[in-house]
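I opened this notebook to record what I looked up in a single structure. The entries follow in the order in which I made them.

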Amino acid sequence: MKIHLREEAQKFLDTYYEGLPLTIPIEVSGRLSRSLGHFKYDARRNPLSITLAKRMFSLENQHLILGTLYHELVHYACFVKGAPYKDGHPYFERELIRCNAPATRTQGYADKTQLKVHVYGCQKCQKNFNRRRKLRSTDSYGKVVTSHGC
């Protein structure tokens, strides 16, 4: 599966924002761990980039990737037009609906069973527990971490 992100992005902007040009790069990063995408701008209100989480691409879920891209493009378009662009604002949420882009935190969670989860066994209660983040083998005092707080 190969997705041409810039082409898809410009097609989306042409359809919903009268050909608004995409003037920023679209990047893929392994550093996004809590979100699937991010629209970045600087203190002088210049748009800088759209970043998508690398982990999405390993799932090979085109719907998830494009949905996240479209969501970030709505942030970009609203920002460039001078309209409210933050998640939760009524105008922004209406734009998401108008453009058929997913709302914040509605994607990925339906697919969270496919995301990487670490399974551990508790040595105190003998139960298994899951963590998205990998536990360190020792805490800051050098003590081995083997419990989930039971």
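**Aromatic cluster**

I began with the aromatic rings and found that Phe39, Tyr41, Tyr76, Phe79 and Tyr85 form one aromatic cluster. Rings of Phe, Tyr and Trp (its six-membered ring) pair if their centres lie within 6.5 Å; planes under 30 degrees apart count as stacked, over 60 as edge-to-face and the rest as tilted.

**Conventions**

I noted that this is a predicted model, in which local features need pLDDT of at least 70 and side-chain atom pairs count only at pLDDT 80 or more, while totals for chains, interfaces and linings use all residues. Residues are numbered from 1 along each chain as its sequence is written, and side-chain values use heavy atoms, with hydrogens and water left out.

**Aromatic pairs**

Helices (H or I, at least four residues) and strands (E, at least two) are DSSP runs, numbered from the N terminus.

I then checked accessibility, where buried means under 20% relative accessible area, exposed over 50% and partly exposed in between (1.4 Å probe, protein chains only). Phe12 counts as buried because its relative accessibility is 4%. Tyr16, with a relative accessible area of 22%, is partly exposed.

I next examined Phe39 and Tyr76, whose ring centres are 6.1 Å apart with planes at 75°, so the pair is edge-to-face. This pair links distant parts of the chain, with Phe39 in strand S2 and Tyr76 in helix H3, 37 residues apart. Both Phe39 and Tyr76 are buried.

**Helix H1**

I recorded H1 as residues 5-16, which makes 12 residues. From first C-alpha to last, H1 reaches 16 Å, close to the 16 Å expected at 1.5 Å a residue; the expected span is 1.5 Å times one less than the number of residues.

Which residues of H1 are buried? I listed Leu5, Glu8, Ala9, Phe12 and Leu13. Seen down the axis of H1, these buried residues fall within an arc of 135°, so they line one face of the helix; the arc is that of the directions from the helix axis to the C-beta atoms. The face turned away from the buried side carries the exposed residues Glu7 and Thr15. The cover over the buried residues of H1 includes S1 (26-29), S3 (47-53), H2 (54-58) and H3 (62-81), where contact means heavy atoms within 4.5 Å. After H1 comes Glu18, whose phi is positive, near 45°.

**Sheet**

I found three strands in an open sheet, ordered S1-S3-S2, with mixed pairing; two strands pair if DSSP finds at least two bridges between them. S1 and S2 (37-41) stand at the edges with a single partner strand each, so one side of each is left without a neighbour in the sheet. Neighbouring strands are turned by 25° against each other on average, direction ignored. S1 and S3 run parallel and are joined by four bridges; the bridge partner of Ser29 in S3 is Ala53.

I noted that H3 lies across S1, S2 and S3 and runs at about 165° to S3. Axes are lines fitted to C-alpha atoms, for helices over the stretch in contact, and angles run from 0 to 180 degrees between N-to-C directions.

**Leu36**

I located Leu36 in the loop between S1 and S2. Leu36 counts as buried, at 14% relative accessibility.
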